[in-house]
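Good morning, everyone, and thank you for making the time.

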Amino acid sequence: MALPVLIARLRAVVAGRGVIPGGQIVGSLGRRLCVALALATLPWVAQAQQPPGPSPVWGPVRGGQVSGAGAGGVSVPNFWNVERRLERPDAARLPKELRFVTTDDYPPFNFLNSDGVLSGFNVDLARAICAELGVTCVLQAAAFDTLADSVEQGRAEAAIAGLTATPQSRAALDFSERYLGTPARFVGKRQETLSAATPENVAAKKVAVVSRTAHEAYLRSFFNEAAIRPYPDLKAAQEALKGGQVDLLFGDGITLALWLNGADSASCCRFVGGPFTESRFFGDGFSVAVKEGNDTLRHAMDFALQRIWEKGVYTDLYLRWFPIGFY
């Protein structure tokens, strides 16, 4: 299969929101928790036909660059060029009330808290955008599959719910610059001595990965000297790591961060090395969607997001919602 065709198929799957392999998490949360894992439904063997391309970067990278350690040593990503000065949008051209549509079943991004109130990283980020633009913020919950229609048909001005800009989604929507990526990470037991996950360091390790995913494709492309151990689903791979059948687990950073921070991991493990952000394998990350052709609002989103970063608000939100960061 030619590379352009493969990429188109991969992005089509992402646009279809199937994002969790093996069925270990069900419902719409399971379909969307990690955009990168959408690639699980495609034949990983097609990657062998890719041209060499740029060499992968081992460790923290720029764009999203890692800005430094926050509370508890968590690295916060930065997707904005602070040397670029964006023009403040004309308030007269913006709606007085900015209606965001999201979902309520995607923790910790957007969900109903114990009081039945929309909460989460995306929700707080939307409110911060409204505050920066000086407009009233309205947040509405809807099914994920209806978000695009809500924006297209004018029921909302913007959607923020782990959406990714793909050729298919761009046919009907425009997107801000990305505000969050979906990096891949290695995880090892707490006693694992590796500090840098380079091909040379990993070559002597047994590495678990979910079978037939982009993460397996990446390992076989750049870590092919390691003893790669495919598993049918993420749960099985996690249990293999906890049980000592493998030395490392490679997968989606967001999903693994939530696992490490939850009870199921039993505090067994930690991230090893830095993030891997190759978009050909792991997607382009999350953006805010607006109606196609609404350049005024799209530019306003970009302005607000950069200002939120510059003021430290983004860092505060990231550290609040991701106590174990995935960068």
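Ser176 sits in the loop between strand 9 (173-175) and strand 10 (184-189); helices here are DSSP runs of H or I with at least four residues, strands are runs of E with at least two, and both are numbered from the N terminus. If we leave aside the neighbours within four places in sequence, Ser176 is in contact with Ser287, Val288, Arg298, Met301, Asp302 and Leu305, and contact means heavy atoms within 4.5 Å.

Before going further, a word on what we are looking at. This is a predicted model, in which local features need pLDDT of at least 70 and side-chain atom pairs count only at pLDDT 80 or more, while totals for chains, interfaces and linings use all residues. Residues are numbered from 1 along each chain as its sequence is written, and side-chain values use heavy atoms, with hydrogens and water left out.

Now the chain as a whole. Its secondary structure comes to eleven helices and 15 strands, and buried residues make up 52% of its 327 residues. Among the contacts with a separation of 6 or more, 73% are between residues 24 or more positions apart.

Helix 3 covers residues 121-133, which is 13 residues, and it reaches 18 Å from its first C-alpha to its last, close to the 18 Å expected, the expected span being 1.5 Å times one less than the number of residues. How many of the residues of helix 3 are buried? Eleven of the 13 are, so helix 3 is largely enclosed by the rest of the structure; among them are Phe121, Asn122, Val123, Cys130 and Leu133. Just after helix 3, Gly134 takes a positive phi of about 70 degrees.

Which way does helix 3 run against helix 11? Helix 3 and helix 11 (residues 313-321) pack at an angle of about 160 degrees, with their axes 10 Å apart; axes are lines fitted to C-alpha atoms, for helices over the stretch in contact, and angles run from 0 to 180 degrees between N-to-C directions. The two are therefore roughly antiparallel to each other, given that angles under 35 degrees count as roughly parallel, over 145 as roughly antiparallel, 65 to 115 as roughly perpendicular and the rest as oblique. On the helix 3 side, Phe121, Asp124, Leu125 and Ala128 meet Val313, Tyr314, Leu317, Tyr318, Arg320 and Trp321 in helix 11. By class, that contact has eight nonpolar, no polar and two charged residues, where Ala, Val, Leu, Ile, Met, Phe, Trp, Tyr, Cys and Pro count as nonpolar, Asp, Glu, Lys and Arg as charged, and the others, Gly among them, as polar.

The axes of helix 3 and helix 10 (residues 295-310) come within 9 Å and cross at roughly 100 degrees, which makes helix 3 roughly perpendicular to helix 10. Here Leu125, Ala128, Ile129, Glu132 and Leu133 in helix 3 meet Ala300, Met301, Phe303, Ala304, Leu305, Arg307 and Ile308 in helix 10, and the residues of this contact divide into ten nonpolar, no polar and two charged.

Found in helix 3, Glu132 counts as buried at 10% relative accessibility, and, not counting residues up to four places away in sequence, it touches Arg88, Phe303, Ala304, Arg307 and Lys311. The C-alpha atoms of Glu132 and Met301 are separated by 9.6 Å, although the two residues are 169 apart along the chain.

For a contrasting residue, is Glu87 buried or exposed? Glu87 is exposed, with a relative accessible area of 73%, and its place is the loop between strand 2 (75-78) and strand 3 (97-102). Its C-alpha atom and that of Asp302, 215 residues away along the chain, are separated by 10.0 Å.

Conventions: Buried means under 20% relative accessible area, exposed over 50%, partly exposed in between (1.4 Å probe, protein chains only).
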